[in-house]
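Student: I have a new structure open and would like to learn how to read it. Could you walk me through some of its features?

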Amino acid sequence: MLDTTIARTVLDHALSLGADFADLFVERQQRQNLSTLLDKVENVQSGLEFGIGVRLVFGNKVLYGYTNQASADVLRDVVSKLAAKDRRDPVNTAIAFDYRVPTNHHPARAPLSADAALQAKIDFLRQADLAARQGGDQISRTMGFLLQREQQIEIFNSEGLHTADTRNYCRVGITAVAMDGDLQATGSENIGGLVGWELHQQDDPARLGDEARRQALVNLGAKPCPSGHMPVVIGNGFGGVIFHEACGHLLETTAVAKKASVFHDQMGEMIAHPAVSAVDDGTIDNAWGSINIDDEGMETQHTQLIKEGRLTGFLVDRVGSQQTGFARTGSGRRESYRYAPASRMRNTFIEAGNDHFDDMIASMDKGIYAARMGGGSVQPGTGEFNFAVTEGYYVENGKIQYPVKSATLISTGPKVLKEISMVGSDLALACGMCGSVSGAVPTTVGQPALKVNNILVGGNA
């Protein structure tokens, strides 16, 4: 996408101004977004975007700018303006690029650039809508979405790296709204991956609609949730959002390097119950949060974060490695060329254990089964969180009694890690978008069902 002669000229110019390191992130991105209301198409959007990000590093100082133009003069001017206050003696390095082609572990059979399947996508969402509204008139409406994008990237740096990759993302889902008089409740289901439109072959639209309807109707008939400290079983899949938000961000060198994480000085120490092991794995074939290379050009990897309760790893980008001394993990990510990369999660999850779900429920005298989790708020640095339970049940005498509504889970990441005592074998992953200093990136959360011995439950009973 960018002529190598231009890239070399721009990076040579950066070194001539005394930069210790410089890189260029070239991006061409094609997008398509589709939304439906009931069985009607509400919106179709598509677009194409191109840009180049320019990063300079002077010691521990990072300077960043970007442009939509690929000319040598414009890019040299960006470099000159970034370095205006930090110019030093030239670094005498003759850059010779070594082009590396990453292995593509995530091929797409139906990429957006070759796509002509708009009607098929509309039909998929209509089938999900039809399934959601079957079986009664309490489902008042549905909202469907489908997004697909193709991101081509090319990276050059002052150490001679030249590499490129193409990423194909696709995600589809539906939300159902149930009504009973003045009462309203929702349910939703979605799938996604680092794939093309062949995603539709991985699941049945009727199942998505059925699941969205089921959740909505369960929530419509739910009773107020009791509150107080109690044991909670958190369901598999998206239940892992608590670990992601309340613990995962504390393991990124974005926080560790600034000592803004409570874990910054606890490497090798027991930070969780021995039943807990957790990883961040960017190598899972076609998973939503996977990548072949990160946005600094390094091949991604499997990173063990916690092993049997002991902290074993951080998520480390180039600048984070420079600041902390920990080896890079292929975790430098960004939303687009408009952002400098930072250490970010990929597919982050608590690993499967050996406990059984029925035994977890049976072990509770009075507690909550949080079958599905929603969004929440987290305090950076401490991991204090407040997360909504989107599908929950009251448990008494070791048996699930009835669904509850308006439940929230309140604790801190470091505290909840030590309260986990049972970890199931039913590991599942779920798609999400993670926002941080380098924008919003696709990430996967996940876990098996697990039991938290004691956590504060907020409710309105």
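Tutor: Gladly! Let us start with a cysteine: the sulfur of cysteine 434 is 14 Å from the closest cysteine sulfur, in cysteine 247, too far for a bond. Please keep in mind that this is a predicted model.

Student: What kind of bond do you mean?

Tutor: A disulfide is a covalent bond that joins the sulfur atoms of two cysteines. Here the cut-off matters, because the two sulfur atoms must lie within 2.5 Å.

Student: How many disulfides does a search of the whole structure find?

Tutor: The search finds zero disulfides. Cysteine 170 is another case to look at: its closest cysteine sulfur belongs to cysteine 431 and is 10 Å away, too far for a bond.

Student: Is cysteine 170 buried or exposed?

Tutor: Cysteine 170 is buried, with a relative accessible area of 0%. Cysteine 434 also counts as buried, at 1% relative accessibility.

Student: Let us turn to charged side chains. How many salt bridges are found in the whole structure?

Tutor: The general idea is a side-chain nitrogen of Lys or Arg within 4 Å of a carboxyl oxygen of Asp or Glu. By that rule the search finds 21 salt bridges. One of them joins the side chains of arginine 88 and aspartate 20, at 3.4 Å from N to O. Arginine 88 sits in the loop between helix 2 (72–82) and strand 4 (98–100), while aspartate 20 sits in the loop between helix 1 (4–16) and strand 1 (21–37), so this pair ties together parts 68 residues apart in sequence.

Student: How accessible are arginine 88 and aspartate 20?

Tutor: Arginine 88 is partly exposed, with a relative accessible area of 42%, and aspartate 20 is partly exposed at 44%.

Student: Which residue forms a salt bridge with arginine 55?

Tutor: That is glutamate 296, with the closest N and O atoms 3.0 Å apart. Arginine 55 belongs to strand 2 (residues 40–58) and glutamate 296 to the loop between strand 10 (278–281) and strand 11 (302–307), so the pair ties together parts that are 241 residues apart in sequence. Arginine 55 is buried, with a relative accessible area of 1%, and glutamate 296 is buried at 3%.

Student: What about glutamate 189 and arginine 372?

Tutor: Their side chains meet in a salt bridge of 3.3 Å, N to O. This pair links distant parts of the chain, 183 residues apart: glutamate 189 is in strand 7 (residues 183–193) and arginine 372 in strand 16 (residues 366–379). Glutamate 189 counts as buried at 12% relative accessibility, whereas arginine 372 counts as partly exposed at 27%. Both belong to a network of salt bridges that also links Asp203, Arg207, Glu211, Arg214 and Glu391.

Student: And how do I read a sheet?

Tutor: Strands of a sheet pair through backbone hydrogen bonds, either parallel or antiparallel. In this structure, six strands form an open sheet with mixed pairing, in the order 12-11-10-15-22-21.

Student: Which strands are the edge strands?

Tutor: They are strand 12 (310–311) and strand 21 (428–436), each of which pairs on one side only. Strand 21 pairs with strand 22 (residues 439–447) in the antiparallel sense, over nine bridges. To find one of the contacts, look for glycine 435: its bridge partner in strand 22 is alanine 440.

Student: Which residues does UniProt list for "domain: Metalloprotease TldD/E central"?

Tutor: The unreviewed entry lists residues 115–220. That span is 30% helix and 47% strand, and its end C-alpha atoms lie 39 Å apart.

Notes. Residues numbered from 1 in each chain as written. Predicted model: local features only at pLDDT ≥ 70, side-chain atom pairs only at ≥ 80, totals over all residues. Heavy atoms only, no water. Helix = DSSP H or I, 4+ residues; strand = E, 2+ residues; numbered from the N terminus. Buried < 20%, exposed > 50% of the residue type's maximum accessible area, 1.4 Å probe, protein only. Pairing = 2+ DSSP bridges. UniProt positions renumbered as here; feature names shortened; annotations may be inferred.
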